[in-house]
Amino acid sequence: MARGAIDLDAYEAGVLAADRTMLGRAITLVESTRPDHQELAQELLARLLPKAGGSHRIGITGVPGAGKSTFVDALGSDLTASGTRVAVLAVDPSSSRTGGSILGDKTRMARLAASDLAFIRPSPSAGVLGGVARATRESIVIVEAAGFDVVFVETVGVGQNEITVANMVDTFLLLTLARSGDSLQGIKKGVLELADVIAVNKADGPHVREAQGAAKELAAALHLVAPREDGWVTPVLTCSAAEHTDLDKVWDQLRAHRRHLERTGRLAQHRAEQDVRWMWSTIDERLRARFRESVKDRVAEVEAAVRAGRLTPAAAADQLLD
């Protein structure tokens with residue numbers, strides 16, 4: 001993608017017309033780490049920003065096996081069937097070891113992907129959290145400018161992903177499931193504090209009672225978390241994405257949270273705070289990249305000294321920083 005080959009006017013027009021090919025190209029541009037592409041991407045985003053901001057941004061995390069993709073496919077399909085335009089962005093920075101995407105591709109959401117009112121974009125594989133997070137935030141601007149009403153941001157739910165995604169959405173959904181013996185297994189207190197809505201999935205067949213028990217256990221655990229400053233009380237529900245049961249109730253609570261933010265004036269404040277955090281994370285990312293570039297000739301030597309025990313990690317860091 002040479003600089004001369006990128007026509008920003010065509011990109012802007014294509015995004016505003018919700019042309020799928022141009023949407024894909026625009027997101028590929030913001031995902032690129034090439035300096036010339038980043039310069040063009042920022043110019044494109046500046047043009048699109050006045051048209052963005054109109055969607056309900058919903059983050060989804062969950063323990064492994066909770067059925068996030070099945071849930072998004074089912075709920076997203078219900079929304080598109082009612083005329084709502086849905087975009088799905090996946091955050092998958094954890095594939096750097098294997099080079100493959102944990103979340104897979106659109107085949108995980110085959111029904112939703114078939115809708116003309118939906119747009120699904122997996123994250124770039126083998127990315128680092130900061131870079132993928134930046135690209136995802138900027139992709140939200142692009143799909144909002146294209147007129148999508150709901151933007152789902154899905155994470156694999158490990159490490160720092162939950163906090164990263166919570167910092168770019170309006171409403172954060174924790175999807176979990178009943179596990180024999182311990183319904184709280186794998187759920188960190190910090191995630192409970194972040195969640196605006198909690199849903200116990202796979203409440204179907206012989207698992208309905210187990211799911212209801214897990215919901216009660218989670219509701220009790222929420223009482224151990226400090227009350228929220230904004231006055232919202234996190235609801236805990238059960239549903240079955242596979243059988244399309246009670247998804248409407250989960251959606252009602254997601255919408256209720258959005259209305260709560262609007263009614264209390266927190267939505268604009270929330271997004272403004274996210275933009276400031278976005279600014280600082282961008283500074284952190286770029287400073288780190290410039291630093292690495294500036295010390296690249298010394299890195300091998302210093303790392304070897306640390307491995308051999310001749311330098312402590314702290315002393316090595318000081319050497320490189322100096």
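What follows is a short chat about helix packing and a cavity in a predicted model.

Colleague: Let's start with the helices. At what angle do α1 and α2 pack?

Modeller: In this predicted model, α1, which covers residues 8–16, packs against α2 at an angle of about 120°. Their axes are 8 Å apart.

Colleague: Is the crossing left-handed or right-handed?

Modeller: The crossing of α1 past α2 is left-handed.

Colleague: Which residues make the contact?

Modeller: From α1 they are L8, A10, Y11, G14 and V15. From α2 they are M22, L23, R25, A26 and L29. Sorted by class, the contact has 8 nonpolar, 1 polar and 1 charged residues.

Colleague: OK, and α1 with α3. How do their axes cross?

Modeller: Helix α3 spans residues 35–48, and its axis comes within 10 Å of the α1 axis. The two cross at roughly 45°, which means that α1 is oblique to α3.

Colleague: And the handedness there, left or right?

Modeller: α1 passes α3 in a right-handed crossing.

Colleague: Which residues meet?

Modeller: On the α1 side there are L8, D9, Y11, E12, V15 and L16. On the α3 side there are L40, E43, L44, R47 and L48. This contact of α1 with α3 has 7 nonpolar, no polar and 4 charged residues.

Colleague: What touches what?

Modeller: F71, A74, L75, D78 and L79 of α4 meet L247, V250, W251 and L254 of α10. The contact of α4 with α10 divides into 8 nonpolar, no polar and 1 charged.

Colleague: Change of topic. How many cavities are there?

Modeller: Searching the whole structure gives 2 cavities of 30 Å³ or more. The second largest cavity holds about 60 Å³ of space.

Colleague: What lines the second largest cavity?

Modeller: Its lining has 12 residues, and E31, A90, S123, T136 and S139 lie nearest the centre. The elements giving two or more residues to this lining are α2 (20–31), β2 (86–91) and α6 (129–145).

Colleague: Which of those gives the most?

Modeller: α6 does, with 4 residues in the lining of the second largest cavity.

Colleague: And what is the lining like by class?

Modeller: The lining of the second largest cavity has 7 nonpolar, 3 polar and 2 charged residues.

Terms used. Residues are numbered from 1 along each chain as its sequence is written. This is a predicted model: local features need pLDDT of at least 70, side-chain atom pairs count only at pLDDT 80 or more; totals for chains, interfaces and linings use all residues. Side-chain values use heavy atoms; hydrogens and water are left out. On a 1 Å grid over the protein atoms alone, a cavity is a set of points where a 1.4 Å probe fits but cannot get out, and a pocket is an open set with protein on both sides within 12 Å along at least five of seven lines; lining residues have an atom within 4 Å of a point. Grid points are joined across faces, edges and corners, and a volume is the space filled by probe spheres set on the points. Ala, Val, Leu, Ile, Met, Phe, Trp, Tyr, Cys and Pro count as nonpolar, Asp, Glu, Lys and Arg as charged, and the others, Gly among them, as polar. Axes are lines fitted to C-alpha atoms, for helices over the stretch in contact, and angles run from 0 to 180 degrees between N-to-C directions. A crossing is left-handed if the near helix is turned anticlockwise from the far one by less than a right angle, and right-handed if clockwise. Contact means heavy atoms within 4.5 Å. Angles under 35 degrees count as roughly parallel, over 145 as roughly antiparallel, 65 to 115 as roughly perpendicular and the rest as oblique.
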